[in-house]
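Please brief me on this protein model.

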Amino acid sequence: MSELDSEQLDLLLFPTWLVPVEPAGVILREHGLGIRDGRIALIAPRLDANKHAAKCVLELPDMLLAPGLINAHGHAAMTLFRGLADDLPFKNWLHDHIWPAENRWVDEAFIQTGTELAIAEQLLGGITCFSDMYFFPDVASEVAHRCGMRAQITVPVMDFPVPGARDAGEALRKGVALFDDLKHHPRISIAFGPHAPYSVSDDSLEKMHILVAETDAGIHMHVHETASEIYEALQQHGQRPLARLAKRQLLGPRFQAVHMTQVDDEDLALLVEHNCSVIHCPESNLKLASGFCPVERLWAAGVNVAIGTDGAASNNDLDLLGETRTAALLAKAVAGSASALDAHRALRMATLNGARALGLDEHTGSLEVGKFADLVAFDLSGLAQQPVYDPVSQLIYTCGRDCVRHVWVAGKQLLTDRRLTRIDQDQLMANVRQWSTKIRDGKKP
């Protein structure tokens with residue numbers, strides 16, 4: 001696991017525990033990790049690692065070094081709607097509160113502040129890569145670029161007017177232009193996001209199929225989120241949503257099915273046949289009473305299952321570590337087995353599985369030589385983490401995001417001792433307060 005040469009390393013890290021995620025279940029002790037030119041150049045026992053010259057050497061006592069967490073589904077700028085419409089049924093929440101609020105408030109300035117707030121929160125929680133499905137994706141891309149984050153920015157597509165696009169056709173045209181502008185960006189990729197089967201017509205889905213075939217872009221879509229979605233699809237189309245998408249040739253390795261709380265045998269067969277990924281959002285599903293994704297059943301069938309927070313308007317935080325704990329506990333209850341989704345697999349779901357879902361697993365998601373140095377150091381020195389028998393178990397079941405100490409993306413340190421290095425937190429807070437006042441008082445900015 002080392003690349004032995006005479007070139008100087010930019011940074012050499014010595015954590016107490018190093019968890020590469022791939023190979024699965026491995027915990028390395030007394031090892032060092034070296035970074036050069038933004039990538040992992042060395043993983044070796046301490047004695048061997050110390051033989052390499054480095055511009056900077058950092059000891060990380062009582063810390064677990066892991067791949068950065070990957071938030072595979074969210075609506076970043078919805079942080080500005082956090083707590084706006086809580087404790088409501090899904091349809092009432094979406095149709096009567098969220099969509100009207102978006103129509104009134106969402107513009108480019110809203111997206112800029114809301115996305116920066118989301119990135120700050122995610123970095124403080126150990127997230128190095130996130131998938132965003134929200135309006136004005138060009139603005140979100142600019143913010144992610146400036147903040148140094150890795151991101152999949154998803155172009156939302158709906159058949160009715162939304163902020164930034166009059167209809168699905170305009171959204172697709174703008175999405176293609178953004179895809180072309182950023183196709184060589186080292187940290188940002190563009191995917192297409194038909195909102196849901198009930199908000200996108202067959203004609204728009206056909207256009208999506210042609211577009212994705214030409215670009216090989218990912219498709220990110222809310223699918224099988226609620227039982228009522230299935231019932232209404234059967235009434236309107238005579239088939240379940242996933243079957244309808246398969247008929248339109250949208251399913252495949254680049255298809256990211258978000259939520260999937262309703263899965264029957266035919267759905268599972270389609271997911272396996274087309275090698276789709278499922279993005280599990282347990283806390284949002286619980287809060288909106290949407291249902292339970294059968295994670296263990298999907299995993300046993302070979303489906304790649306990643307994890308997302310969803311938006312802060314339905315969660316209400318972007319805490320992927322907490323989300324992963326919830327996923328692990330919920331999976332046991334749903335499967336009726338205490339061994340379902342153990343701690344090591346849960347961590348894999350929050351890292352490498354997320355990278356695979358977003359088409360980034362060759363570049364991030366695990367600590368392997370040649371991959372980007374997207375890393376997070378968790379501090380396990382607290383009383384609540386003692387004693388440490390299995391550091392991964394302690395990470396999943398006892399750690400909160402306050403245990404995140406340092407974060408690197410492509411070798412650049414974006415969080416140092418819980419201090420954000422590229423975001424002016426005071427200015428961000430001032431901007432957020434201005435928006436919260438406007439929204440609370442109902443005054444259009």
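The briefing below goes from the whole chain to single residues.

This is a predicted model, in which local features need pLDDT of at least 70, side-chain atom pairs count only at pLDDT 80 or more, and totals for chains, interfaces and linings use all residues. Residues are numbered from 1 along each chain as its sequence is written, and side-chain values use heavy atoms, with hydrogens and water left out.

The protein has 16 helices and 17 strands. Helices (H or I, at least four residues) and strands (E, at least two) are DSSP runs, numbered from the N terminus.

**Overall size and packing**

- Along the principal axes, the C-alpha atoms fill a box of roughly 65 × 50 × 45 Å.
- Of the 445 residues, 59% are buried. Buried means under 20% relative accessible area, exposed means over 50%, and partly exposed lies in between (1.4 Å probe, protein chains only).
- Take the contacts between residues at least 6 apart in sequence: 73% of them join residues at least 24 apart. A contact means heavy atoms within 4.5 Å.

**Surface**

- The accessible surface comes to about 17,200 Å², and 51% of that belongs to carbon and sulfur atoms. Accessible areas come from the Shrake-Rupley method with a 1.4 Å probe; for residues, only the protein chains shown count as cover.
- Leu 286, Phe 292 and Val 334 make a nonpolar surface patch of about 260 Å². Patches are made of residues with over 30% relative accessible area and no salt bridge; like charges are joined within 9 Å, and nonpolar side chains (Val, Leu, Ile, Met, Phe, Trp, Tyr) within 5 Å. A salt bridge is a side-chain nitrogen of Lys or Arg within 4 Å of a carboxyl oxygen of Asp or Glu.
- Phe 292 sits in the loop between helix H10 (282-287) and helix H11 (295-300). Phe 292 counts as partly exposed because its relative accessibility is 46%.

**Cysteines**

- The structure holds 0 disulfides. A disulfide is a pair of cysteine sulfur atoms within 2.5 Å.
- For Cys 281, the closest cysteine sulfur is in Cys 293, at 8.9 Å, too far for a bond. Cys 281 is buried, at 0% relative accessibility.
- For Cys 399, the closest cysteine sulfur is in Cys 403, at 3.8 Å, also too far for a bond. Cys 399 is buried, at 1% relative accessibility.

**Cis peptide bonds**

- Glu 22 and Pro 23 are joined by a cis peptide bond, with omega near 5°. Pro 23 is in the loop between strand S1 (11-18) and strand S2 (28-29).
- The bond from Gln 386 to Pro 387 is cis, with omega about -10°. Pro 387 is in the loop between strand S14 (375-379) and helix H15 (391-398).

**Positive phi outside glycine**

- Asp 87 is not a glycine, yet has a positive phi of about 60°. Its loop runs between strand S6 (69-71) and helix H2 (90-105). Asp 87 is exposed, at 70% relative accessibility.
- His 224 is not a glycine either, and has a positive phi of about 55°. Its loop runs between strand S10 (219-223) and helix H7 (227-237). His 224 is buried, with a relative accessible area of 0%.
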